Amino acid sequence: MSADGGPAPLRFDLATVTATWFGVGLLPVAPGTWGSLAALPFAWVIAWIFGARALLIAAAVLFFVGWWAAGRMARDTHVKDAGAIVVDEVVGQWITLAVAPRDATAYLAGFVLFRVFDIAKPWPARWADRELPGGFGVMADDVIAAFYAIAGLV
């Protein structure tokens with residue numbers, strides 16, 4: 001904690017850079033939306049070069065890296081799911097887009113659907129957000145939101 005009792009200041013290390021998705025989560029308004037938006041070009045390139053299956057593999061790898069990074073940042077700042085942590089949005093967005101055709105309209109639909117379900121947090125996403133501990137809890141609700149978004153896409 002800081003001297004005034006608020007959250008501890010951020011340290012810029014690998015965990016913070018990952019958790020904030022290269023600083024995107026530090027934008028002052030709607031960091032989750034910015035994090036999802038920042039995921040789109042990465043998703044497009046991964047899917048274009050390696051295919052949709054690779055996007056799922058990348059999301060799975062980033063889930064575990066994000067679990068560590070979000071947990072570390074939560075521990076360091078004493079805030080379980082700080083708004084600046086957006087690696088979870090990146091993972092959720094990539095999972096959503098793995099089933100979408102590599103088309104601007106489909107990507108836009110996937111982006112909007114994921115944001116709607118990530119914000120609304122229908123069961124069990126809200127439960128996961130509130131009840132699952134540490135970095136795993138931070139990441140899990142966005143994975144669940146991605147499955148709702150996929151249902152809306154197909």
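Is F22 buried or exposed? Select F22 and check its surface: at 57% relative accessibility, F22 is exposed, because the cut-off for that class is over 50%. Keep in mind that this is a predicted model.

**Stop 1**

F22 sits in the loop between helix 1 (14–19) and helix 2 (31–50), while F42 belongs to helix 2. The two residues are 20 residues apart, and their pair links distant parts of the chain. Colour F42 by accessibility: its relative accessible area is 38%, which makes F42 partly exposed.

Next, select W21. How many aromatic pairs does a search of the whole structure find? The count is 11. One of them joins W21 and F22 in an edge-to-face arrangement, with 4.9 Å centre to centre and 65 degrees between the planes. W21 is buried, at 7% relative accessible area.

W21, F22, F42 and W94 together form one aromatic cluster.

**Stop 2: a charge over a ring**

Move to W44 and show R102 with it. R102 lies over the face of W44, 5.2 Å from the ring centre.

**Stop 3**

Go to helix 7, residues 134–153, and pick D142. Which side chain of opposite charge is nearest to D142? It is K121, 4.9 Å away. A salt bridge needs a distance within 4 Å, so D142 has none, although D142 is buried.

Now display the surroundings of D142. Setting aside neighbours within four places in sequence, its contacts are D88, E89, G92, F114 and D118. Show these five side by side with D142.

**Stop 3: A109**

Finish in helix 5, residues 104–120, where A109 is found. A109 has a relative accessible area of 32%, so A109 counts as partly exposed. Then select A58 and draw a line between the two C-alpha atoms. The separation is 21 Å, for residues 51 apart along the chain.

Conventions
Residues numbered from 1 in each chain as written. Predicted model: local features only at pLDDT ≥ 70, side-chain atom pairs only at ≥ 80, totals over all residues. Heavy atoms only, no water. Phe/Tyr/Trp six-rings, centres within 6.5 Å; stacked < 30°, edge-to-face > 60°. Buried < 20%, exposed > 50% of the residue type's maximum accessible area, 1.4 Å probe, protein only. Helix = DSSP H or I, 4+ residues; strand = E, 2+ residues; numbered from the N terminus. Lys NZ or Arg CZ within 6 Å of the ring centre and 35° of its normal. Lys, Arg positive; Asp, Glu negative; His and termini not counted. Contact = heavy atoms within 4.5 Å.
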